[in-house]
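Here is a friendly walk through one structure, from its loops to its core. Have the sequence and the 3D view side by side as you read.

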Amino acid sequence: MKNRRVILASQSPRRRELLKQLNIDFEIISPEFDEKTDTNEFSSEIIENLAFQKALSVSKKFAPDSLILSADTVVVLDNKILGKPKSENEAFQMLKSLSNKTHKVVTAVSLFDVKTQKSLTRSTESFVTFNELSDEDIKGYITVHHPLDKAGSYGIQELDKHFVRDIIGSFSNIVGLPLETVTQMLVEFTNLIET
């Protein structure tokens, strides 16, 4: 990124580990932004706006040479957003609702150049089909992994293999940062801000 200061606007350790795979030097600064939305109905515009607002909240504090990367990931079932559970009981109910069904995981990624004020935001979708999960399966997962910080109440990288029947699309997207999309966006964005 040619001497650009790249900032990952995220508290997620999973996003940090994924971004390291692209061999980019970056800093981490947590966005100060309320992620609540007025609706749980899914639309790509909603999560793309959330990702952009996260980048914007960080951009107001830092040097003009910064390139900010932010993301927002949601789990969607029957066009309803399943956010982060507020309790273990809510986590149980979410996972129960995903049992023996296909849901989608959508991550919006936003790049924002502080100097030029140009931005690029894009969404990536993947599909996950769970096997039928017993109450014991669900309770065991919650007890071991405490998924209250995860959209949809699970982290794909933590699930026992018998939880998942099928995955279509980017695995890194399901974890929280679609590396293929990020790589493509960085190329496009570099061209955009240099023109």
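N79 is found in the loop between β3 and β4; helices (H or I, at least four residues) and strands (E, at least two) are DSSP runs, numbered from the N terminus. This is a predicted model, in which local features need pLDDT of at least 70 and side-chain atom pairs count only at pLDDT 80 or more, while totals for chains, interfaces and linings use all residues. Residues are numbered from 1 along each chain as its sequence is written, and side-chain values use heavy atoms, with hydrogens and water left out.

Although N79 is not a glycine, its phi is positive, about 65°. Q117, in the loop between β5 and β6, is not a glycine either and has a positive phi of about 65°. For accessibility, buried means under 20% relative accessible area, exposed over 50%, and partly exposed in between (1.4 Å probe, protein chains only). N79 is partly exposed at 38%, and Q117 is exposed at 52%.

Next, have a look at helix α3 (residues 88-98). Its residues A91, F92, M94, L95 and L98 are buried. Seen down the axis of α3, they fall within an arc of 165°, so they line one face of the helix; the arc is that of the directions from the helix axis to the C-beta atoms. These buried residues pack against β3, β4, β5, β6 and α4. After α3 comes N100, with a positive phi near 60°.

What does Y154 touch, leaving aside its neighbours within four places in sequence? Its contacts (heavy atoms within 4.5 Å) include L95, L98, F130 and Y141. Y154 is also, with F130 and L177, among the residues with the most contacts inside the largest nonpolar core, which has 41 residues. Such a core is a set of buried Ala, Val, Leu, Ile, Met, Phe, Trp, Tyr and Cys residues joined through side-chain atoms within 4.5 Å. Apart from it lies another core of nine residues, including I7 and F112.

The whole structure holds three aromatic pairs. Rings of Phe, Tyr and Trp (its six-membered ring) pair if their centres lie within 6.5 Å; planes under 30 degrees apart count as stacked, over 60 as edge-to-face and the rest as tilted. Two of the pairs are these:

| Pair | Centres apart | Plane angle | Type |
|---|---|---|---|
| F130 and Y154 | 5.1 Å | 65° | edge-to-face |
| Y141 and F163 | 6.1 Å | 55° | tilted |

F130 in strand β6 and Y154 in the loop between α4 and β7 are 24 residues apart, and both are buried. Y141 lies in helix α4 and F163 in the loop between α4 and β7, so their pair ties together parts 22 residues apart in sequence.
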